[in-house]
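Thanks for coming. I will show one model and then go through a few of its local features.

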Amino acid sequence: MRLLVPVAVLAAILTSLVQALLSPPLHTGDETAHLDYAYQVWTGHLPVFEDGLVLAPEDGSVPPVQWAAQHPPLYYLVLAPVVGPLVDGGHVFAAVYAARGLNVLGAGLLVLVAAWAARRAFPASPLLAPVTALVVGTTAWVARVGGSGYNDIFAALLTTWLLGLAAGAVRSGLTWPRAAGLVVVSALCLGTRLHTMVMVGVLVAAVLAGVLLRTAGPIAIHGEAGRGATVRGEAVRAAVVAFGVPAAVAATSGWFYLRNVALTGSVTGGHPDWAAENLDRVVRPVPEVLADAGFWTQLLAVFGHDRLPDAAVVLLLLVVPAALAAVAGVRTVRDVRLPAAGRADVLLLVTGATAVAATLAMQLVYTAGGGSPHPRYLLPVIGILAMLVAQGLVSTRHRLPWAVGVWCAVPLVDQAIWIAVSAPRYAGPWPDGSLSAPGAWVAWGFACLAVAVAVANRDPDRTYRR
């Protein structure tokens, strides 16, 4: 299955391109708000919720307030030089497609980073990384956000990068390059979206725990002065990470979150009262949301395009592979020893479970406060979820090509249904819409062909049977 990673990158680009081609420019208020934010940064300003949008396109959805203003500006600093000149030139729709094009490329890069992170986390499972790449590459909400002008793909790319850095540190030790990377990427994460703080906190804690496990006990045994120096060096690097991450976040993004507090009274910068009055959002007790099956199926349907039933998508694409992974874990736990490699495995598994659980808890509280349980809010942990699914698929052993093929077919068919339903609805508002549906179908067809070729491929040594 040597083709899986490059094909997964191609699949992510093509399925994101489907979204970019078929969706009319600015067809959601969210996309308009994100584009407006980037343009305001281009003009040297930061948006304010109550001031509304600067952009006023003739076609498209324009929200009455600037509800993207709560996000820190890093993504928009990247986007501003791309969309700013186009908007200034009167080419607003071209600016939309330029922004989408960057995210399409970001979706492909996310797949590469996810494969790299999987290799760093579990190098003893060579098939995990390519299958993880294909899972991410065919994930519906990677495609939907990858083909839209949102900041979620950028945030997912950064948190997955951080995941790989942390996994490498837990597995192989905290070197100076890894320590520097953890500090820098953590600051980039919090400069993009506030809720990436869950991944930052959990992953940094895992790195520090890994250092503690390796350095516990006597520093020098039987005169091993070299080992003692190594232990002391890693302890110093751990201290740099422990103090450097919050310092870097405070130095780069602290001013923005203080601005949120000054403008809105909260670090998040949200306006729940306005949302309740204007968006029909309802505040509910946390236990009520916790017991709401609809909340869980909607939030966990990150692998679906909203055309197949959410419950079916969650069951087929998340619950079943997770159950297979759990069964495989129970079978192998008897063979786990707890010197170095085994401890790293356990720590990484606990870290992944904690990150996902904390993210779900945060969304639970957010929804109880009147927010929406949107599947794209799970993209910061997409690397962990994809590894979980991939492990379940890999556990099928000699049936792996069939398992991977069936898994990938579900989101691809779901996207085809989305195209069929959306194309007639979008035919009117889409400029030059005569090309939108055919282009989307062509991109989708090539994505299916690429995945089929990769899944049908066999390595000469039949490594997929191991």
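First, the ground rules. This is a predicted model, in which local features need pLDDT of at least 70 and side-chain atom pairs count only at pLDDT 80 or more, while totals for chains, interfaces and linings use all residues. Residues are numbered from 1 along each chain as its sequence is written, and side-chain values use heavy atoms, with hydrogens and water left out.

Now the rings. A pair of aromatic rings is described by the distance of the centres and the angle of the planes. Rings of Phe, Tyr and Trp (for Trp, the six-membered ring) pair if their centres lie within 6.5 Å; planes under 30 degrees apart count as stacked, over 60 as edge-to-face, and the rest as tilted. By this rule there are eleven aromatic pairs. In one of them, tryptophan 67 and tryptophan 274, the centres are 6.2 Å apart and the planes are at 65 degrees, so the pair is edge-to-face. Tryptophan 67 is in the loop between H2 and H3 and tryptophan 274 is in helix H11 (residues 272–278), so this pair ties together parts 207 residues apart in sequence. Helices here are DSSP runs of H or I, at least four residues, numbered from the N terminus.

Tryptophan 441 and tryptophan 444 also pair edge-to-face, at 5.6 Å centre to centre and 90 degrees between the planes. Both lie in helix H18 (residues 436–456), three residues apart, about one turn of the helix. Are they buried or exposed? Buried means under 20% relative accessible area, exposed over 50%, and partly exposed in between, with a 1.4 Å probe and protein chains only. Tryptophan 444, at 18%, counts as buried, whereas tryptophan 441, at 34%, counts as partly exposed.

Ring pairs also link Tyr37, Tyr75, Tyr76 and Phe154 into a cluster.

On to the charge. The charged end of arginine 144 sits over the ring of tryptophan 141, 4.4 Å from its centre. The rule is NZ of Lys or CZ of Arg within 6 Å of the ring centre and within 35 degrees of the ring normal.

Cysteine 408 is buried at 2% relative accessibility.

Last, glycine 60 is in the loop between helix H2 (29–42) and helix H3 (74–88). Its C-alpha is 4.8 Å from that of leucine 26, although the two are 34 residues apart in sequence.

Terms used. Helices (H or I, at least four residues) and strands (E, at least two) are DSSP runs, numbered from the N terminus.
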